[in-house]
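My entries follow the order in which I looked.

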Amino acid sequence: MSKIQLQIEGLSCAGCVRRAEAALAGVAGARDVSVNLATKRASLELGSAALGDVTAALTAAGYPARQASAVFVIEGMSCASCVGRVEAAVRALDGVSEANVSFAAGELRVRYLERVVSEADLIAAVRGAGYAAVQKGAGPSAAQRRAEEMRGLKRSFVTALALALPVFLLEMGGHLYPPFHHWIMATVGMQASWLVQFGLTTAVLIGPGRKFYAVGVPLLLKGAPDMNSLVAVGTLAAYAYSVLALFAPALLPSGARAVYFEAAAVIVTLILLGRYLEARAKGRAGEAIARLVELAPSRVEVKRGAGFEEADISAVGVADVLRLRPGARVPVDGIVTQGESHVDESMLTGEPLPLRKGAGDALSAGTVNGAGVLEMRAEKVGADTVLAGIVRTVEEAQAAKLPIEALVDRVTLWFVPGVMGLAVLTFLAWLGFGAGIATALVAAVSVLIIACPCAMGLATPMSIMVGTGRGAELGVFFRKGDALQRLSGVTTVAFDKTGTLTEGKPQLTDFEALGGFERAEVLRLVAAAEQGSEHPVARAIVAAHEGALPTSESFEAIAGQGVTARVEGRDVLIGTAKLMRERGVALEGDAATLEAAGKSVSYAAIDGQIAARLAVSDALKPDVRATIKALRDLGLKTVMITGDSAAAARHIADLAGIEEVIAEVMPEGKLAAIRALQAAGPVAFVGDGINDAPALSAADVGIAIGTGTDVAIESAEVVLMTGAPEKALVALRLARRVMGNIRQNLFWAFAYNAALVPVAAGLFYPLTGWLLSPMLAAGAMALSSVFVVSNALRLRRA
């Protein structure tokens, strides 16, 4: 039996407690169950029951166990196989629901049950796997860590190069220039030359190369070898053989006395160079995030008493009044209280033209004030600002794993042990075919060094990091990294109409009183009823009325159809023809002419009697037609899904160039339409309203217009920071570029190993005489990782 405690969400009354306790008591093997309403905590003892059964029972009852999230910086990872080991160690903890490691970012993201798993447990699990974990934010920033890593690698490489170069020249110089060999033999002598090589190589291994052995050997002894283990075994084998040849030649077969000090020293030097170049490139991959973080200023002018004084950004609180001088960056989210200026919001939207801001207009942290002086009231500070949210979103997307990466992780987890086995087989095979021990050793060491899975591990995460960062610069935010892969494969792009394809600023063009009602009176009552609605049509009706409006006594929005309200004791119903028919209101006249002109027609009823027919017109956004043409040129089918009438929808679709129209649908109808379209292939849906949330969630990729509602944005995986549908095209093209880049990287990584491992093993030696030097193997291995990272960096110009 084990006693556990869980924090529970959703408890609000004694009835909730009873239901939660009943759910827990129903789990086989759970005993001594109690739920505390005050602390929102459940206590129980587990016998045969698994913790997963307990959490599943609570979720089914509507009271899920509360989960916490944490991000850790992982130190000591050197290749893709490390990723699988860290994830496996953390996921083995009972209570961990999700654990993802990004090799490129060097971070672990975990979701776990509160009070069941602690951060200390997670750190201990990582340490048990042979690595170190530090909670993100507890130590230096990511930029500082990268800078320190690069300084350390550069220092190690320069030191190793200075020590290894004389070793290389002493041993290999004679091959390049034969008189040099004769000169060495005549002046220094072979024994003295070998002693110098021994001393310098020893300094390389215990100095700059120490990290390979400090990490690789313990992991090898644990039965979980990584890239460091490959380097350690390969270089130590060459070094140990050379030491025997130098100090105990009698132990070696006759004629096998040779040293390979230069191989061990140069291998360490080249791998350090590769890691340094890789670290530099990875730093450039994260520049988009670094630039976003640096957008918020560190010092601001805050109103204190009658004047303004300079203060640190951390001292700003909600409701503080700040002053923005010309050219200053906006430090927090807020509202302009005084002044006029133009503000550059390109860091958020990707749009170059500054926007005019005056009293009452919203400002976002990181944007740049123009030539005017503004005063603003802080509304969101610190981690609550839009800028901070964007940084979190991009970081989470960069840490996500694509479905294609699961295969890579499975391969690389077993790759290093497989390579070590192949190296042993290579050594034995050469001996079996009568080759000398030295030749067999060279082939085995070459296999160990060349077959590192670094390039495979970097292939996917580096492209994701650079691609999502570039998207952020273009005003396209991928909230989930795997949306890149799904978006690249969509065959249909469906759009909402109002606010997505159209400006979302409709104007009331027609208002005809019916049923004997007076126009002015009906418009007054209808506008009063629509005051409670945020729908663009409602705003158009309110804007069309001049003068004061009465306050409605009640208000109810009918999703996708209209509204009902009580104004001055009268029941007012406004909405579609379908809504009127459902409520028993008899319609008058024909709306076909209005709808054929692309106008959206609604009706108003007062006390159950038809009172008016009204029509609004909404202009198409300027870039829509070009965007739809570009999508169709890419071979994609375009569809418009709207609650508007078929005639009005067809008119807008014809203007936009959209092929298919699905009109007169409720929110659940949009959901059904998406599912019907998915029968022909993956679908992306672009929308902006509350009624679009179900369709955004159901689509293979939901793309939310950033100017839309929070509900729509939260339901989507991709957010466009402007209202321009053209950004959906940008997102799709970027996704295709990223996936193409990943495929190039994976091809190179796997092709490199498939082609060079047999060469290193000497498979072609009987036919061609090819036998790869361990030094060339080290250089090729380092270059493979640098190639993959450099190829990913091309996405910065996408």
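Predicted model: local features only at pLDDT ≥ 70, side-chain atom pairs only at ≥ 80, totals over all residues.

**Strands first**

I started with strand S7, where Ala 132 is the bridge partner of Glu 75. Residues are numbered from 1 along each chain as its sequence is written, and side-chain values use heavy atoms, with hydrogens and water left out.

For my terms, helices (H or I, at least four residues) and strands (E, at least two) are DSSP runs, numbered from the N terminus. Two strands pair if DSSP finds at least two bridges between them.

I then asked which way S4 and S7 (residues 132–135) run when they pair. They are antiparallel, with 4 bridges. S4 (residues 67–75) is also joined to S6 (residues 107–113), by 7 bridges, and this pair runs antiparallel. There I found Ala 70 opposite Val 110 of S6.

**The open sheet**

Next I traced an open sheet of 6 strands, in the order S19-S24-S23-S22-S21-S20, with antiparallel pairing. Its edge strands are S19 (507–513) and S20 (554–558), each pairing on one side only. On average, neighbouring strands here are turned by 15° against each other, direction ignored. Axes are lines fitted to C-alpha atoms, for helices over the stretch in contact, and angles run from 0 to 180 degrees between N-to-C directions.

S20 pairs with S21 (residues 562–567) over 5 antiparallel bridges. Phe 555 stands opposite Ala 565 of S21.

I also looked at H18 (residues 519–530), which lies across strands including S19, S20 and S22, at about 80° to S22.

**Helices**

How far apart are the axes of H8 and H9? I read 7 Å, with H8 (residues 210–221) and H9 (residues 227–247) packing at about 105°. The two are therefore roughly perpendicular (65 to 115 degrees). Among the residues that meet are Phe 212 and Leu 219 in H8 and Val 231 and Leu 236 in H9; contact means heavy atoms within 4.5 Å.

Last came H29 (residues 774–793). Its 20 residues should span 28 Å at 1.5 Å a residue (1.5 Å times one less than the number of residues). Its end C-alpha atoms are 29 Å apart, which agrees. Is H29 mostly covered or uncovered? It is mostly covered, with 15 of its 20 residues buried (under 20% relative accessible area, 1.4 Å probe, protein chains only).

How values were computed. Buried < 20%, exposed > 50% of the residue type's maximum accessible area, 1.4 Å probe, protein only. Parallel < 35°, antiparallel > 145°, perpendicular 65-115°, else oblique.
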